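Work through the exercises below with the model open beside you. Try each task before reading its solution.

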Amino acid sequence: MYRVNEAGSTLIESCRKIATNGVASAAANVDAQAQFPESSIRSLADAGLLGLTLPREVGGHEQTPGAFAAIVEELAQSCASTAMIYVMHITATQAIAASSTLGGKNELLAEIAAGRHLTTLAFSERGSRSQFWAPVSRLDEASHGNFVTSAHKSWVTSASHADSYVSSAQKPGAESPLESVIYLVDRKADGVQVEAGFDGLGLRGNDSTPVTLKDVAVPADRLLTELGAGAPMMLEVVLPWFVVGTAAMANGLCRAAVAATSGHLSAGRFEHDASALRDLPNLRARLAQMSVRTEQSRALLAHTAQAMEQPNEMTPLFVLQSRLAAIQAATDVTDLAMKACGGAAFSKHLGIERLFRDARAGWVMAPTADHLQEFIGRALTGLPLF
Ligand SMILES: Cc1cc2nc3c(=O)[nH]c(=O)nc-3n(C[C@H](O)[C@H](O)[C@H](O)COP(=O)(O)OP(=O)(O)OC[C@H]3O[C@@H](n4cnc5c(N)ncnc54)[C@H](O)[C@@H]3O)c2cc1C
């Protein structure tokens with residue numbers, strides 16, 4: 001579905017093996033215990049997949065958004081928590097790679113590509129909630145051109161496990177929250193406090209925990225952007241990669257729901273009249289709808305991934321549309337799967353109720369479905385996004 005080169009196909013195949021073996025067998029426990037999928041992330045690191053999109057000169061695979069989408073889709077069919085952790089890592093990695101201000105950038109990228117450094121995004125704040133483009137925290141000037149900051153980051157995926165956070169704040173003296181800056185924080189830096197563990201409805205292995213920064217030193221060479229240039233990096237680098245990753249995660253959940261439903265409808269029997277679940281036209285109709293929504297969303301994402309490789313003025317619109325289509329498809333398709341498979345889906349043995357819960361997370365992650373509709377509507381009527 002997603003256009004990839006030969007090296008990309010090899011990586012996708014190796015990810016598929018990891019996903020259908022170790023990742024899949026750990027998934028039920030990751031969900032039940034809200035446990036970070038350490039062994040799954042280690043397998044991805046050992047396979048060189050943490051550096052999927054990084055340049056070859058730092059040891060990466062220099063792969064495209066299409067390869068990223070295909071890999072996330074593989075992971076999400078087995079364990080959406082693992083997929084989400086991976087999406088946040090690759091998205092944050094792209095921000096680091098795009099930086100022209102970070103000191104020691106190539107050494108850090110080499111560590112990431114070697115599978116020795118996991119990173120993530122820390123954008124959402126208690127004060128700005130889902131409106132991540134408007135941080136309320138601020139960098140203040142300290143001595144020798146360095147900075148200091150305090151912040152309540154409300155959700156940080158991999159909070160206790162990532163080695164670094166790609167974080168956002170207003171620049172010193174900002175007159176608007178859009179005058180922001182992106183910077184890198186080490187998880188073990190003085191003043192970084194990971195709060196209580198994550199116990200969510202879905203993506204329960206994510207460790208998406210609040211993190212408090214208290215008087216954390218931000219040396220000038222840890223800035224990922226110039227002061228005031230945070231919003232362009234958020235919109236031009238972070239958003240498109242986050243969209244590809246989260247849309248692919250939604251598509252993977254849809255594919256898993258279609259497969260589980262089709263298997264159950266084909267195998268389920270009514271003994272009293274020797275018929276099967278698949279003999280019921282209403283159940284077949286639900287499955288057909290599920291399949292169409294899934295493939296529509298995948299096709300739009302494949303188109304968007306290609307548009308990101310050769311951008312034109314429509315690319316930002318396709319980016320926004322593909323995330324909206326995917327998160328709506330995932331909530332609708334997993335809901336249809338619950339209805340098509342009845343009590344068997346409601347109980348845990350088909351794994352459909354986990355897909356249903358995991359799919360809900362995509363909807364509330366920023367940009368949420370509400371934000372996306374608003375942004376798309378504004379773009380289509382010639383209004384600025386903010
Ligand atoms: C599993 C999970 C993992 C996450 N991981 C991360 C992470 O790694 N890093 C990170 O930075 N964040 C992360 N987030 C946070 C996420 O991106 C959102 O910031 C968070 O879910 C917002 O929740 P809230 O209650 O503050 O939403 P609120 O902002 O209170 O939103 C409540 C409702 O209001 C609507 N709404 C808000 N603003 C508008 C508007 N302008 N127009 C119309 N409707 C609006 C929303 O769509 C929503 O329906 C994660 C979230 C989840 C669920």
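The model is predicted, so local features need pLDDT of at least 70 and side-chain atom pairs count only at pLDDT 80 or more, while totals for chains, interfaces and linings use all residues. Residues are numbered from 1 along each chain as its sequence is written, and side-chain values use heavy atoms, with hydrogens and water left out.

**Exercise 1.** Determine how helix H3 (residues 65-78) and H4 pack, and which residues meet.

Solution. Helices here are DSSP runs of H or I with at least four residues, and strands are runs of E with at least two, numbered from the N terminus. Axes are lines fitted to C-alpha atoms, for helices over the stretch in contact, and angles run from 0 to 180 degrees between N-to-C directions. On this basis the axes of H3 and H4 lie 6 Å apart at an angle of about 150 degrees. That makes H3 roughly antiparallel to H4, the term for angles over 145 degrees. Next, list the contacts, meaning heavy atoms within 4.5 Å: Phe68, Ile71, Val72, Leu75, Ala76 and Ser78 of H3 meet Ala80, Thr82, Ala83, Tyr86, Val87 and Ile90 of H4. The residues of this contact comprise 10 nonpolar, 2 polar and no charged, where Ala, Val, Leu, Ile, Met, Phe, Trp, Tyr, Cys and Pro count as nonpolar, Asp, Glu, Lys and Arg as charged, and the others, Gly among them, as polar.

**Exercise 2.** Find the angle and the handedness with which H4 passes H6.

Solution. The axes of H4 and H6 are 9 Å apart, at an angle of about 160 degrees. That makes H4 roughly antiparallel to H6. The crossing is right-handed, which is the case if the near helix is turned clockwise from the far one by less than a right angle, anticlockwise being left-handed. Among the residues that H4 brings to the contact are Met84, Met88 and Gln94, and those of H6 include Trp241, Phe242 and Met249. The contact of H4 with H6 divides into 15 nonpolar, 4 polar and no charged residues.

**Exercise 3.** Describe the crossing of H4 (residues 80-98) with H5 (residues 105-113).

Solution. The two axes come within 10 Å and cross at roughly 155 degrees. That makes H4 roughly antiparallel to H5. The crossing of H4 and H5 is left-handed. His89, Thr93, Ile96, Ala97 and Ala98 in H4 meet Lys105, Leu108, Leu109 and Ile112 in H5, a contact with 6 nonpolar, 2 polar and 1 charged residues.

**Exercise 4.** State which elements each supply at least two residues of the lining of the largest pocket, and how the lining divides.

Solution. The lining divides into 20 nonpolar, 10 polar and 7 charged residues.

Definitions and conventions: Parallel < 35°, antiparallel > 145°, perpendicular 65-115°, else oblique.
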